[in-house]
Amino acid sequence: MITQIAAAITQGRVSRISQRLPLYFLHPDPEQPFLSRGDSGQGNRNNLETIFMKHSSSHLTVPCLVTVPDLNVTLHAYPLPLDMREITWDNKRGWSIPRWVIDSLPLLYSVSCGATLGGKEFDSAAYLIHVTGSQVYDVKLFPVDPVELIAGETLTLNCTALVEFNTGLEIHWSYPGKLTNSCVEMKPYRETLSHATEVASILTIHKVNVSDTGSYSCNVSSTDMTKTQQTQVLVYEKPFISLNYRNGPVVEVTAGQKSFKLQVNVSAFPTPETQWFRDGKKINHRPEFKMKKTKIHLNHALEIRDVCEEDSGQYSVVLKNRAAALEQRLNITLVVNVPPQIREKEVADPSSPYPSGSSQTLTCSAYGLPPPIISWQWRAWSPCVQNSTQNRAKGRNDGMADCQNWQDINPDSGRNDIEALETSAEVMDGRQKIVSRLHIRNASVSVMYKCSAVNKAGEDERLIYFYVTTIPEGFSVDLQPSENQEQEKVSLYCRADNYTYESLQWYRLDPRALRDEHGEPRELDCRSMHLYAETLDSQLSFQESSNSWVLNFTVASLQLQDEGHYVCEAQRRRSGEKQCLFRYIAVKALEAPRYKRSLTNQTVNVTGSLRMECDAEGRPVPRLSWFKDNQPLHQMSGVQLQDSNRTLSIQRVREEDAGLYTCTACNQRGCVNSSAAVRVIGSSDKANVEIVILIGTGVIAVFFWALLILIFCNVKRVSAATAPPPFPRVTAGPIPPPLPPHSCAPNEALIILAALSSPVNRAWEQSSDVPHRHRHFNEARGEAESRTRRTF
């Protein structure tokens with residue numbers, strides 16, 4: 001029985017017949033109630049048939065076909081009986097056994113049918129049950145890539161199929177020389193694996209020639225499906241190398257690409273040895289090859305990773321077939337284009353405020369290869385909307401706002417007074433860059449400027465919010481007054497530009513927050529500063545003229561405990577970053593007046609000088625007052641109070657100037673006094689004699705002075721009348737100018753004499769008080785001397 005089963009398995013086509021029931025007509029036969037399924041209608045000589053069941057079948061049909069429809073047929077199984085609960089009978093098909101009934105038996109060899117007709121027992125043929133597969137999981141043809149050969153070599157192809165267990169297969173080859181080539185071998189191969197069955201067929205052609213070039217296919221067929229794989233076989237007459245440019249002798253690439261391949265068109269067999277050179281040096285000997293920056297691929301391409309400017313240069317590719325003495329070389333120039341990059345985008349703030357009325361220079365310095373072209377544009381001041389979709393469409397990923405309505409800049413446009421627009425090539429940061437400067441003579445209007453740098457590799461833009469403000473740096477604090485003392489009114493002003501800042505707030509720092517628990521100075525961050533500070537009640541106002549906010553904090557009467565650190569916090573509108581400005585208020589305590597040096601008694605001669613200083617200090621600075629003999633002393637003729645009453649001076653002291661002098665210093669903390677006695681010695685008669693002598697001396701000096709003037713004038717007049725007529729002569733120097741006509745007038749000389757003597761006489765007449773005459777005389781003498789200087 002086992003031998004018969006094995007024979008049935010090897011003939012896969014039997015399973016196909018066994019699964020189909022033929023059409024037949026019932027013809028009662030009392031001698032044989034069971035029909036036989038032998039070949040060509042003949043009975044099965046061994047009385048043994050095979051039923052092939054697929055792994056996917058849900059039922060097994062035992063074809064016990066009968067000639068008597070109402071015949072009572074029983075089912076027998078060997079070696080174990082079947083569970084008959086779900087097994088059904090059909091007189092036209094036979095017994096239908098569910099798959100689970102068969103799988104539940106540990107062993108089942110065969111089944112058969114039995115029946116009793118006319119008192120005789122009849123048995124059908126015994127049916128062997130054999131589980132077989134039909135699925136073809138995968139078909140592969142090796143080698144996978146197209147096969148290339150030289151004429152005379154051997155071609156070997158392997159067609160391998162992975163199929164379901166016990167699957168019957170047919171493998172057929174199709175190839176160009178199938179009908180004419182006699183040097184062909186095909187070897188079958190079959191091996192059962194743990195999960196499937198592997199079936200293979202190996203095609204071998206010895207000494208191929210050019211006519212064997214073509215398509216080779218492997219056709220794998222089972223009872224239910226067919227799969228095909230094919231490959232190409234190229235047979236060359238002899239070895240060869242063909243090398244050509246793919247993109248021309250000059251190749252351009254953009255810096256920043258993750259990967260770039262220098263590719264060439266190669267047609268060669270057998271595969272030649274590939275060597276790449278850069279600037280005459282072998283690539284695999286260069287540092288970038290060792291760092292895996294470059295790689296040579298099997299298709300002869302040279303891959304450059306993370307392309308940068310330094311990768312530009314002269315490259316060469318050499319293909320060699322040493323066995324056939326073949327070699328081909330090709331030179332390629334690689335040009336790396338660098339997109340423009342504007343330096344100021346990284347180092348400058350695009351929205352810094354600019355002082356009104358100032359001169360400004362806006363700079364854009366860009367580097368790129370080829371050198372970029374820089375242009376300037378402007379637009380009216382207004383916010384720009386972020387448009388990431390358009391930016392991505394333009395290939396930009398810089399997060400710049402997309403603004404419209406730009407206008408080109410020239411010396412006559414740009415809203416602000418444009419002084420010049422200069423562009424030059426300069427070396428910056430070790431590279432030659434294109435630098436463009438926009439000189440603004442007078443910043444008066446807030447506008448938006450944009451500089452654009454463009455070359456063939458890309459473009460870059462810098463957006464400048466040229467905001468003009470009257471507040472320095474856009475954010476400032478001010479203390480009024482700058483120096484403070486107790487009981488004064490103090491105001492702190494925090495000013496912030498409305499365009500740049502918002503959310504102003506005054507704080508007072510807790511003195512304990514300035515040091516940590518170890519007594520070390522604490523580094524305060526503006527973001528967390530409010531945790532260590534007290535919020536102050538302030539008054540916020542908006543100034544239209546300067547477009548700014550002013551936050552005012554006022555202390556009506558400053559006290560000592562108000563001294564400390566005060567902080568104004570403002571938040572940037574664009575970034576949300578908080579900025580803080582600190583101001584320390586130092587409070588000076590009030591101090592009562594005190595004298596550095598007290599007044600001292602003095603003794604002064606008549607007509608001498610008296611000087612007294614009231615050196616007092618205090619906070620606030622005390623007010624000074626002078627008293628003589630307890631009577632207020634004010635500035636008068638001969639008595640001077642200088643340096644805010646700090647110094648008292650008397651010229652030409654008289655006897656009545658003697659007495660008790662007192663200086664009083666007062667402020668909010670009180671008053672202090674300092675007194676000193678002044679004693680005057682000498683006689684007033686001696687002073688009168690001195691006055692008479694002085695007056696007489698002055699009169700005589702004036703008289704002789706006038707007399708000399710008269711004599712000089714008369715001599716000049718006579719000389720001019722008697723002099724001979726002038727003759728021409730040569731002079732070595734300039735001719736002195738003639739005297740003014742009025743310088744020798746006798747009447748005017750008398751007038752001068754009267755002018756000089758009148759102040760002295762008037763001083764003498766007015767000084768009826770003899771002791772005062774010496775003071776008036778000195779004043780008159782000074783007046784006469786000044787008149788003399790003005791006259792001459």
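Leaving aside its neighbours within four places in sequence, with which residues is Leu 75 in contact? In this predicted model, where contact means heavy atoms within 4.5 Å, Leu 75 touches Val 62, Leu 82, Met 84, Ile 87, Trp 95, Ile 97, Val 111, Ser 112 and Cys 113. Residues are numbered from 1 along each chain as its sequence is written, and side-chain values use heavy atoms, with hydrogens and water left out. Because the model is predicted, local features need pLDDT of at least 70 and side-chain atom pairs count only at pLDDT 80 or more, whereas totals for chains, interfaces and linings use all residues.

Leu 75 and Val 62 touch the most other members of the largest nonpolar core, which has 25 residues; such a core is a set of buried Ala, Val, Leu, Ile, Met, Phe, Trp, Tyr and Cys residues joined through side-chain atoms within 4.5 Å. Buried means under 20% relative accessible area, with a 1.4 Å probe and protein chains only. Among the elements that give two or more residues to this core are strand 3 (73-78) and helix 3 (99-104), while strand 6 gives the largest share, 3 residues.

The chain holds 9 helices and 54 strands, these being DSSP runs numbered from the N terminus (helices H or I, at least four residues; strands E, at least two). Of its 792 residues, 38% count as buried.

Definitions and conventions. Buried means under 20% relative accessible area, exposed over 50%, partly exposed in between (1.4 Å probe, protein chains only).
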